[in-house]
Amino acid sequence: VGPWHPHLEPEELQVGLRHMLLTRIYDDRMQRTQRQGRISFYMRSLGEEAVAVAQAMALRPGDMLFPSYRQQGLYMVRGRPLADLMCQLLSNTRDSAAAASSR
């Protein structure tokens, strides 16, 4: 409700919208995967995409993030490959957390 932030350019708003849409598409795919029984747990961010995306876009690239449930948009803004995020949920050989723990 109300006018857009006067200091945001239309291009910046389009980037934010793209990140929110990508988050929603990823969310849908991962929830379907969970419902198929291929992953045990997934928490959607449906309706909350703008919170994580705006938060990440307001930070500098080197700022630390502490993601929790419903904050997949943080990864979208930072450009994390979707395949990497999916591998982590699937706990397969490409899971970066599993690779780090085997060192």
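Analyst: The protein chain exposes about 7,500 Å², of which carbon and sulfur atoms supply 56%; accessible areas come from the Shrake-Rupley method with a 1.4 Å probe, and for residues only the protein chains shown count as cover. The model is predicted, with local features requiring pLDDT of at least 70 and side-chain atom pairs pLDDT 80 or more, whereas totals for chains, interfaces and linings use all residues. Residues are numbered from 1 along each chain as its sequence is written, and side-chain values use heavy atoms, with hydrogens and water left out.

Of the 103 residues in the protein chain, 22% are buried, where buried means under 20% relative accessible area, exposed means over 50%, and partly exposed covers the range in between (1.4 Å probe, protein chains only). The protein chain has five helices and zero strands, and its pattern along the sequence reads α-α-α-α-α. Helices (H or I, at least four residues) and strands (E, at least two) are DSSP runs, numbered from the N terminus. Along the principal axes, the C-alpha atoms fill a box of roughly 50 × 30 × 20 Å. Contact means heavy atoms within 4.5 Å; among contacts between residues at least 6 apart in sequence, 49% join residues at least 24 apart.

The part examined here is the surroundings of glutamine 72. Glutamine 72 belongs to helix H3, which spans residues 72–77. With a relative accessibility of 10%, glutamine 72 counts as buried. The side chain of glutamine 72 reaches the backbone oxygen of methionine 43 at 2.9 Å. This is a polar contact, defined as a pair of N or O atoms within 3.5 Å; within protein, one must be able to donate a hydrogen and the other to accept it, and residues adjacent in sequence count only if both atoms are side-chain atoms. When residues up to four places away in sequence are not counted, glutamine 72 touches Thr23, Tyr26, Asp27, Tyr42, Met43, Arg44 and Ser45.

Two of these partners, tyrosine 26 and tyrosine 42, also form an aromatic pair that is edge-to-face, with 6.3 Å centre to centre and 75° between the planes. Rings of Phe, Tyr and Trp (its six-membered ring) pair if their centres lie within 6.5 Å; planes under 30 degrees apart count as stacked, over 60 as edge-to-face and the rest as tilted. The pair links distant parts of the chain, 16 residues apart: tyrosine 26 lies in helix H1 (residues 10–35), and tyrosine 42 lies in the loop between H1 and helix H2 (49–58). Tyrosine 26 counts as buried because its relative accessibility is 5%, and tyrosine 42 is buried because its value is 12%. In total, the structure holds two aromatic pairs.

Leaving aside neighbours within four places in sequence, glutamine 31 is in contact with Tyr42 and Arg44. The side chain of glutamine 31 makes a polar contact with the side chain of arginine 44, at 2.7 Å. Glutamine 31 has 17% relative accessibility and therefore counts as buried.

Alanine 56 is buried because its relative accessible area is 3%. Apart from neighbours within four places in sequence, alanine 56 is in contact with Leu74 and Val77. The C-alpha atoms of alanine 56 and tyrosine 75 are separated by 8.5 Å, although these residues are 19 apart along the chain. Leucine 17 and glutamine 36 are likewise 19 residues apart in sequence, yet 29 Å apart in space, C-alpha to C-alpha.

The loop between H2 and H3 holds arginine 70. Phi of arginine 70 is near 65°, a positive value in a residue other than glycine. The relative accessible area of arginine 70 is 35%, so this residue is partly exposed. Elsewhere, serine 91 also has a positive phi, about 50°, although it is not a glycine. Serine 91 lies in the loop between helix H4 (82–90) and helix H5 (96–101), and with 56% relative accessibility it counts as exposed.
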